Amino acid sequence: MSTKQKDTIDRFLKGGMSRREMGLRLGRLGLGGAAAAYMLNKGMSEAQAADFDWKKHSGKTINLLLNKHPYADAMIANIENFKSMTGMDVKYDVFPEDVYFDKVAAALSSKSTQYDAFMTGAYQTWQYGPAGWIEDLNEYISDPEQTNPNYNWDDMLPGIRASTAWSGVPGAELGGEGAKQWALPWGFELNSISYNRRIFDQLKIEPAKDLPGLVEQAKMITDSDAGVYGIGVRGSRSWATIHPGYLSAFANYGAKDLEVQDDGMLKAAMNSDAGKEMTNLWVKMIQESGPKNWATYTWYQVGTDLGAGASAMIYDADILGYFMNGGDNKEAGNLAYSAFAPKPGAEAPTPNVWIWSLAMSTFGNQKDATWYFMQWASGTDHALFGARQMDFVNPVRSSVWKDEEFRARIAKSYPGYIEQFEASSPGSKIYFTPQPLFQTVTTDWAAALQKMVANEVPVDEGLDELAANIDKQLKSAGLG
Amino acid sequence: MAATTATQPPASPRKSRLGTAALPYLLSLPALLVCIGIIVPFLTAVWYSLQRYNLNLPYLRGFVWFQQYIDLFTDTTFWHTVQVSLVYTFATVVLELLLGLGIALLLRRPSKLHNIMSIALLLPLMVAPAIAALMWKLMTHPDFGILSWLIQQVGITNFRWAAAPSSALFTVLLVDIWVYTPFMMILLLAGLRGLPKQPFEAAELDGVPASFVFFRITLPMLTPYIITAALFRMLDSIQQFDIIYAMTQGGPGDTLLVFQVMAYLDFFQNFNVGRSAAVLMVLWAIAYILSNIFIKHWLRLRERARGAA
């Protein structure tokens with residue numbers, strides 16, 4: 001950074017000029033928008049460094065295990081700032097999601113010291129935490145010696161923060177009494193409708209308001225001359241099939257995965273009347289107007305079909321629809337977003353959330369240095385950089401959601417995105433019951449759903465069989 | 001140096017005898033180490049299979065003798081796994097054997113063209129099975145897959161390949177056959193080209209029909225090669241993982257939940273080490289029994305051949 005560039009940024013940070021003026025001055029100094037933002041972030045990091053000894057672990061190298069994701073891309077794009085601020089080095093391995101969680105499981109179960117921190121979902125911490133593979137981060141967050149005074153933990157959205165904390169007691173409330181902070185939230189996603197405005201305009205329709213309407217609308221689109229199928233949802237034999245649209249709709253119908261009994265034991269509850277009503281509609285929707293090879297569909301295929309114009313809409317993560325509205329996608333610029341309350345008459349949407357988070361391995365050899373990286377990566381400055389310049393949506397910090405530059409950028413290119421987010425977020429949380437058999441329950445659930453869609457078993461019977469199977473497994477694990 | 005050597009007393013006969021006696025043991029030491037290297041992981045798996053051991057349910061851990069096996073044998077899903085694994089193994093071995101033999105017979109006479117073709121036919125074998133599965137996943141995509149387009153041209157619409165329970169096994173069998181038929185072909189081709197020429201020349205002189213030559217001369221002489229090739233493929237097929245997992249993850253439903261996929265999911269998704277190990281021990285037992293049957297048959301044939309000679 002040249003002296004003039006540094007002075008300009010310092011003046012801005014001290015409140016001596018507006019953002020617009022700073023942008024103009026940096027422009028005159030030959031810096032483009034992206035470079036100016038990077039420089040600004042660097043300046044902010046340097047300013048932040050004045051309040052905290054960021055150089056304490058200078059010379060150390062930490063190793064990360066990352067999933068191939070725009071959040072990881074944003075971090076990598078900004079990593080030089082962290083390196084120059086701390087004098088630390090960061091090395092990372094990036095794996096596609098198909099194999100990512102297996103890689104994490106292999107590293108942790110073998111007690112490998114190779115990785116210090118890694119990306120995880122909140123659900124996975126329900127397995128890693130009780131197994132003793134990840135650190136409780138509360139002790140770091142509450143330690144002023146270890147944590148930058150500007151870290152602003154309270155800026156994290158409370159529901160998201162709580163969702164990454166759990167006591168380890170099966171069925172206990174997330175973020176409740178005795179909860180350990182298993183991970184730092186990084187970015188999250190909730191589930192809503194992302195649709196192709198071009199196709200909807202062509203057919204002169206508006207997004208459906210509830211699940212029965214969605215089923216009808218998806219069939220109408222499939223049967224129309226638009227040459228696309230109605231709706232994309234996930235279908236692979238994996239936990240990932242249950243947690244997005246399916247569980248969001250399931251929760252909206254008032255159904256639950258498991259019930260906590262009076263004695264604290266768990267009992268499968270997915271075969272309730274509400275669960276059966278919703279699942280019947282879901283299965284019908286896929287059979288009539290889902291992707292033909294739905295049973296192999298992961299989020300990659302669901303998103304790609306929307307971006308390529310093969311499907312008219314998806315009921316999946318809002319950020320998946322967001323990613324499809326840019327880049328080289330054929331339908332980039334044509335996509336729009338809509339909040340969705342599946343149960344007719346429901347007051348508001350109840351999206352189940354997925355939270356990409358950062359967790360610290362118990363087996364790493366340099367935990368304090370790792371914590372420095374984690375607080376930087378989940379800090380406000382990096383979140384602002386990612387939100388303004390990269391695809392680091394949806395931010396977990398309320399201050400970033402209030403950032404005008406971020407909001408203006410989203411409002412301009414992603415019609416309806418902020419509106420769907422604001423309508424959906426109050427009811428968004430993790431609707432699964434936290435317990436260590438999460439993967440077993442959800443994978444079996446996905447397999448059962450596949451059988452129902454293939455007409456191998458009627459929906460009611462399929463859910464009853466599933467519940468009986470889950471009860472058996474809970475009992476065998478001492479949880480039911 | 002030479003002086004030192006000259007002053008050393010000659011080795012006593014007793015010491016020399018000891019050295020000679022120890023030599024075989026010393027020479028077999030590397031083999032012993034290899035054996036230990038093989039047996040230790042095996043015994044570890046046996047040990048885990050006798051325990052209730054789930055990584056994220058540490059309070060469950062304990063020695064339970066054969067309870068894991070009893071639980072498996074009383075689980076209907078497991079018997080489905082046994083069934084689908086055996087059907088998959090039998091189908092791949094038989095179909096690949098027939099196709100491999102057919103191609104090998106066509107290419108048996110060495111010529112430049114045949115040599116080039118046999119090399120070209122080996123190409124699928126050089127593709128990693130997981131990559132082959134992804135290629136086929138694309139080729140069978142109902143919207144833009146070339147195979148889907150081709151079958152639509154002959155009037156078959158709405159065929160869902162690996163996504164439907166009725167056609168999933170057929171689809172993964174296709175991929176397996178595509179990848180591994182060349183393996184059968186190359187082994188059998190080597191066998192065919194290695195057969196003695198005299199019986200065939202004699203049959204030709206006598207004007208013996210081709211079918212008689214094939215069933216009475218070629219096939220019996222080729223049987224040891226066929227058994228060897230089938231044994232290799234059987235051991236591989238019953239442990240198939242890459243193709244099935246990459247294409248279906250064991251689904252739709254439990255349609256393709258073969259041994260390896262079940263064990264993999266038990267370990268990597270459910271962290272259930274004990275059950276995963278028990279599944280793999282059952283797989284080992286089945287592979288061991290089948291291998292024994294093949295090897296005994298092969299030895300019997302060899303004895304018969306020696307007796308005949």
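Which residue of chain B forms a salt bridge with Lys292(A)? The answer is Asp143(B), with the closest N and O atoms 3.8 Å apart. The views below are of a predicted model.

**View 1. The contact between chain A and chain B.** Chain A brings 31 residues to the contact and chain B brings 33 residues. About 2700 Å² is buried between the two chains, and carbon and sulfur atoms give 52% of that area. On the side of chain A, the residues that lose the most area to chain B are Asp102(A), Arg237(A) and Lys292(A), which together account for 25% of what that side buries. Between the two chains, 14 residue pairs are in polar contact. Helices α5 (97–109), α6 (122–131) and α21 (438–453) of chain A each supply at least two residues of the side that touches chain B. Of the elements of chain A, α21(A) gives the most to this side, with 6 residues. By residue type, the side of chain A that touches chain B divides into 15 nonpolar, 11 polar and 5 charged residues.

**View 2. Salt bridges across the interface.** The rule finds 3 salt bridges between chain A and chain B. One of them is the pair Lys292(A) and Asp143(B). In another, Arg237(A) meets Asp254(B), and their closest N and O atoms are 2.7 Å apart. This pair runs from the loop between β8 (229–232) and α11 (239–242) of chain A, which holds Arg237(A), to the loop between α11 (242–248) and α12 (259–269) of chain B, which holds Asp254(B). Arg237(A) counts as buried because its relative accessibility is 3%, and Asp254(B) also counts as buried, at 17%. Asp254(B) forms a salt bridge with Lys451(A) as well, with 3.5 Å between the closest N and O atoms. Lys451(A) lies in helix α21 of chain A and Asp254(B) in a loop of chain B, so this pair joins two chains. Lys451(A) is partly exposed, with a relative accessible area of 23%.

**View 3. A salt bridge within chain A.** Over all chains, a search of the whole structure finds 27 salt bridges. Among them is the pair Asp155(A) and Arg397(A), at 3.2 Å from N to O. Asp155(A) sits in the loop between α7 (138–141) and α8 (158–163), and Arg397(A) in the loop between α17 (380–389) and α18 (398–401), so the pair ties together parts of chain A that are 242 residues apart in sequence. Asp155(A) has a relative accessibility of 6% and therefore counts as buried. Arg397(A), at 1%, counts as buried too.

**View 4. Strand β7 of chain A and its partners.** With strand β11 (residues 311–317) of chain A, β7(A) runs antiparallel, joined by 5 bridges. Ile193(A) has Tyr315(A) of β11(A) as its bridge partner. Strand β12 (residues 335–338) of chain A also pairs with β7(A) in the antiparallel sense, over 4 bridges. In β12(A), Ala336(A) stands opposite Tyr195(A).

**View 5. Chain A as a whole.** Chain A has 22 helices and 13 strands. Of its 480 residues, 60% are buried. Among contacts in chain A between residues at least 6 apart in sequence, 76% join residues at least 24 apart.

Methods: Residues are numbered from 1 along each chain as its sequence is written. Chains are lettered from A and ligands numbered from 1 in the order in which they are written. This is a predicted model: local features need pLDDT of at least 70, side-chain atom pairs count only at pLDDT 80 or more; totals for chains, interfaces and linings use all residues. Side-chain values use heavy atoms; hydrogens and water are left out. Contact means heavy atoms within 4.5 Å. Buried area is the accessible area (1.4 Å probe) that two parts lose on being put together, summed over both. A salt bridge is a side-chain nitrogen of Lys or Arg within 4 Å of a carboxyl oxygen of Asp or Glu. A polar contact is a pair of N or O atoms within 3.5 Å; within protein, one must be able to donate a hydrogen and the other to accept it, and residues adjacent in sequence count only if both atoms are side-chain atoms. Ala, Val, Leu, Ile, Met, Phe, Trp, Tyr, Cys and Pro count as nonpolar, Asp, Glu, Lys and Arg as charged, and the others, Gly among them, as polar. Two strands pair if DSSP finds at least two bridges between them. Buried means under 20% relative accessible area, exposed over 50%, partly exposed in between (1.4 Å probe, protein chains only).
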